[in-house]
Amino acid sequence: MLCTRLTNARFLTMDPDHPVAHDLGIWRGRIVGLDEAVTSLPAHEVIDLQGATVLPGFIDAHVHLAWTGFKEKTPSIAGRTGIDEVLAVVEEAVTRKGSPGAWVSIAGYDQRALGRHLTAAELDTVSHGHKVFMLHDSGHGCVVNTAVLDLLPAGTPHDSGFLAEGAMGAARALRLPYSQEELAQAIGRAARTCLAEGVTACAEAGIGGTLFGHSPVELGAYQLASEKGLLPLRVQLMVSADRLRPVAAHEADGIPRALDLGLRTGFGGDRLSVGALKIYTDGGMMARTAALGSPYEGLDHSGQLQDDPDVLADTIVDGHLAGWQLAVHAIGDRAADVALDALERAQRLRPRPGARHRVEHAGLIRPDQLPRFARLGVSAVVQPNFLRYFGDDYAAIMGEERAPWLYRGRAFLDHGITLVGSSDRPVTDGSPLRAIQFMVERASESGRLIGSDEGITVDEALRAYTVAGAFACHWEDGLGSLTPGKLADLVVLGDDPRRIDMSRIGDIEVVTTYVDGRESGKSAS
């Protein structure tokens with residue numbers, strides 16, 4: 001007997017052998033058959049989906065769950081465009097923080113809305129003895145007051161209180177780590193938000209590191225969240241390369257650096273597992289720290305690498321030698337050069353064709369870099385909603401020649417490069433449907449077309465959030481398509497994205513989701 005049969009729906013399976021179905025059978029959390037293979041079988045529960053469209057659950061291959069959860073509960077200056085408005089929010093948050101000298105966190109900071117960066121001196125006027133930490137929305141910078149600057153190691157570079165990249169990491173390191181309980185609650189909040197948008201599996205993009213980590217025992221917080229029932233979707237954890245340490249492994253292993261006990265990609269189960277090693281090579285476009293081959297339009301600099309190129313390359317190579325899948329953060333084209341050079345060297349030293357290394361963001365990729373991606377078998381994990389919401393700004397700072405190279409779609413596919421969709425939430429909107437709409441129409445919110453030749457079909461965009469996401473995370477045996485034998489993770493939509501005008505795709509209702517064959521919010525029968 002089936003546990004559940006879903007009927008009267010349009011199942012877009014993403015499986016070329018059976019692309020569309022009307023019935024789907026579930027037994028013990030797995031898909032056991034489609035259409036006539038299950039329509040006559042008895043079932044404990046038969047659910048009439050009343051003509052809805054059903055897809056494999058969306059896979060968001062690059063998110064920050066803990067950060068998302070904390071941001072939801074942090075005072076925010078998002079939407080404020082005046083310095084006085086911002087300072088009023090900060091002062092209110094400081095006033096609510098009763099403990100003298102306590103840390104006060106503020107979210108939603110983006111200098112573009114203000115026309116310039118805030119300064120430590122301005123924050124001092126409303127700090128009242130507290131330590132103020134205002135995180136940039138990109139995650140690649142912060143503004144702090146003098147009370148924080150005075151605690152930083154001598155020589156930490158800053159611009160009147162604005163700290164970028166490693167300097168920001170130094171400020172983060174001053175704070176006590178979050179408790180595992182706090183982390184678990186934040187992770188749970190973010191996971192529920194993902195599920196509401198149709199995401200049933202995601203890859204957490206970097207735990208335990210200087211830039212985005214929250215605790216030296218952060219992995220345990222995800223285990224705690226799972227144990228407490230706070231993790232309603234599948235999560236794969238990328239580990240920051242900061243955690244690599246020299247090891248005295250056997251010479252036959254050829255492992256110069258590793259995590260304790262040799263932990264690497266693939267450890268865990270189908271609900272919580274360890275994924276790629278996360279390596280940062282540059283910053284971000286919002287903070288103007290992405291490393292470019294030539295200067296930003298209107299600025300006298302080209303961003304920055306996170307470290308000396310040789311140091312970055314050695315980390316990439318050592319991670320490869322230790323058996324990791326690599327997720328190399330590279331937004332600018334100069335950073336992509338560093339990543340590709342190192343990945344090529346790593347594969348030459350120890351060929352691993354099945355490693356499925358990834359470049360996270362691939363924000364600005366020159367035409368000459370595309371064949372290298374393809375030759376190395378590197379996936380491009382992009383964030384389409386960056387251009388939906390920030391595209392006007394990004395196009396302006398790249399200039400006419402480079403703007404069409406931003407967050408490519410068609411060029412990756414035409415070169416045989418796996419194109420993977422993701423959000424980088426909470427940097428921007430996490431909705432896969434809105435991202436899919438952008439991948440097709442390439443229009444920012446203002447209606448500006450950005451790299452219109454990079455538009456792809458709806459089917460190709462859906463694959464980026466299902467089949468390709470599963471491949472990038474080594475999940476293809478269980479996820480990514482509605483194929484018998486795979487896990488019963490589904491998203492039920494109020495309309496078919498292939499049958500409506502592309503301008504309406506982002507507004508399709510997510511009716512419900514199923515994980516392990518159970519509707520979100522319901523217990524096992």
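Me: Which residues do the ring pairs link into a cluster here?
Reply: Ring pairs, meaning Phe, Tyr or Trp rings (for Trp the six-membered one) with centres within 6.5 Å, link Phe386, Phe390, Tyr394 and Tyr407 into a cluster. This is a predicted model, in which local features need pLDDT of at least 70 and side-chain atom pairs 80 or more, while totals for chains, interfaces and linings use all residues. Residues are numbered from 1 along each chain as its sequence is written, and side-chain values use heavy atoms, leaving out hydrogens and water.

Me: How many aromatic pairs does the structure hold?
Reply: There are seven aromatic pairs, and one of them, Phe386 with Phe390, is tilted, at 6.2 Å centre to centre and 45° between the planes (under 30 degrees counts as stacked, over 60 as edge-to-face, the rest as tilted).

Me: Why are Phe386 and Phe390 about one helical turn apart?
Reply: Because they sit four residues apart in helix H12, residues 384-402 (helices are DSSP runs of H or I, at least four residues, and strands are runs of E, at least two, numbered from the N terminus).

Me: And Phe390 with Tyr394?
Reply: That pair is tilted as well, with 6.0 Å between centres and 40° between planes, and both residues lie in H12, four residues apart.

Me: Is Phe390 buried or exposed?
Reply: Phe390 is buried, with a relative accessible area of 15% (buried is under 20%, exposed over 50%, partly exposed in between, with a 1.4 Å probe and protein chains only), and Phe386 is buried at 3%.

Me: Which residue lies over the face of Phe390?
Reply: Arg112 does, at 4.8 Å from the ring centre (NZ of Lys or CZ of Arg must be within 6 Å of the centre and within 35 degrees of the ring normal).
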